[in-house]
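Work through the exercises below with the sequence and the model at hand. Each task is followed by its solution.

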Amino acid sequence: MPGIESTFLAMDTEEGVEVVWNELQFTDKKIFKAHEEKIRTMFENLMVVDHPNVVKFHKYWLDVRESSARVVFITEYVSSGSLKQFLKKTKKNHKTMNSRAWKRWCTQILSALSFLHSCDPPIIHGNLTSDTIFIQHNGLIKIGSVWHRVFANELPVPDELRSPVKVQREEHRTLHFFPPEYGFEQDGTEVDIFSFGICALEMAVLELQGNGDTKVSETAIARAGQSLEDPNMREFIIQCLSSDPAKRPTAHSLLFHRVLFEVHSLKLLSAHCFINNQYLMPENSVEEKTKQIDPNTIVAEIPRKGRPPVEWRYSQISSLELDKFLEDVRNGIYPLMNFAAARPHVLPRALSQSQEEVPHTKTPTPEPVDAETRKVVQMQCSLERNEDKTRWHLTLSLKLEDKLHRQLSCDLLPSDSSREIASELVHYGFIHEDDCQKLTTFLEEAFHKHNLPPCEVMQ
């Protein structure tokens, strides 16, 4: 991974999956100690950035020795390598980039950038190249090295004292990914749009020609852009590469460009609806439903005058294809970002303030545990009266996205509400913060079925 001193492929023995072990080396312990709290705060907040098209941070720790120090952090492993490697293989095999694949990849990259840029405050990647975009074996695109710019900005340490960060702008082979204003004035999210434009162009033509180790020239970029046969694709890329940052469109608006925008099929909309509400459905619900369907039942037909109608039956639909499609939607391969209104994603307070500005408050007792990063995919609950019939007993069964089952139970108090129960489970690390509202709604429905008032569950 670019900008890292050492990177290793490793095995997480607890989860049984391959991960990437990254090391940031500090040759001067004093420099490290002076910025230790900033480093810790930065990594704590990067770990909560959660998007299907952004490489996930799993955990980190600081290793301080007598004369040096290092930061070790574990990130998600993307199996099929970088976009650069894929494009090289494609060209070597004398193949071309399929326009549908190009559109799908651009949509996923823009989906991630739109998410990062709509955070409060915005997260600027600042190092987006074909080397920092990765591809899963199933076609899922993920952006890596999100930490790079934050790390460089938080730690203004001279390069001779700080070995881990390699300044990408000084590397000729990636210099063309950076806009003219980069490093010379206060830049913003427009930097990432320019870099995305170069990536989109490189995906379309497979390679931008340079002279040996020197920078890819503006002439070579312009020539590659003009070689594109699709006028909409050409206009799309030219907009991103405008020399004036103010004229570059936002990531969110690019999702509405005619070269990418399309009215999603009812199948895709239904799949997203199913995934978003899967916690309300029993396990293997799709498989059970398909078993109950008569394969000869007509799904749809087109009537034709004077001729038999064209018919589609359930027997023509593969349940395996449906399962794979749902899995792809769940993994983020088919996002619905171009239907979502741009809205700020509020990050933890620490990310929006410098370490000096963060007020030191007394830690609450008891302390909250580590935040849960896995989402709940299925919820079930039961409510029963206790033996003396004076209280209700709640048993909650949760299935997480890694197939781990979690069962929780408690006696309900008169003052307990569904919102308070859900918030408490988030506070103590039992559920992901994003699942709080889902669980609140789920519990409210359960209380309603048992005729329990929302705020007085015992009476």
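This is a predicted model: local features need pLDDT of at least 70, side-chain atom pairs count only at pLDDT 80 or more; totals for chains, interfaces and linings use all residues.

**Exercise 1. Two phenylalanine pairs**

Classify the ring pair F57 and F73, then the ring pair F196 and F236, and state which elements each pair ties together.

Solution. The structure holds ten aromatic pairs. In the pair F57 and F73, the ring centres are 5.4 Å apart and the planes meet at 15°. Planes under 30 degrees apart count as stacked, so F57 and F73 form a stacked pair. F57 belongs to strand β3 (residues 57-64) and F73 to strand β4 (residues 69-76), so the pair ties together parts that are 16 residues apart in sequence. F57 is buried, with a relative accessible area of 7%, and F73 is buried at 0%.

In the pair F196 and F236, the centres are 5.9 Å apart and the planes are at 90°, so the pair is edge-to-face. F196 lies in helix α6 (residues 190-205) and F236 in helix α8 (residues 231-240); the pair therefore ties together parts that are 40 residues apart in sequence. Both F196 and F236 are buried.

**Exercise 2. Other ring contacts**

Which residues do ring pairs link into a cluster with F57 and F73, and what sits over the ring of F325?

Solution. Ring pairs link F43 and Y60 with F57 and F73 into a cluster. Over the ring of F325 sits the charged end of K267, 4.4 Å from the ring centre.

**Exercise 3. A strand pair**

How many bridges join β8 to β9, and in what direction do these strands run? Describe the connection between them.

Solution. Strand β8 (residues 298-304) and strand β9 (residues 307-313) run antiparallel and are joined by five bridges. I302 has V310 in β9 as its bridge partner. The two strands form a hairpin with two residues between them. In the turn, G306 has a positive phi of about 75°.

Key: Residues are numbered from 1 along each chain as its sequence is written. Side-chain values use heavy atoms; hydrogens and water are left out. Rings of Phe, Tyr and Trp (its six-membered ring) pair if their centres lie within 6.5 Å; planes under 30 degrees apart count as stacked, over 60 as edge-to-face and the rest as tilted. Helices (H or I, at least four residues) and strands (E, at least two) are DSSP runs, numbered from the N terminus. Buried means under 20% relative accessible area, exposed over 50%, partly exposed in between (1.4 Å probe, protein chains only). A charge sits over a ring if NZ of Lys or CZ of Arg is within 6 Å of the ring centre and within 35 degrees of the ring normal. Two strands pair if DSSP finds at least two bridges between them.
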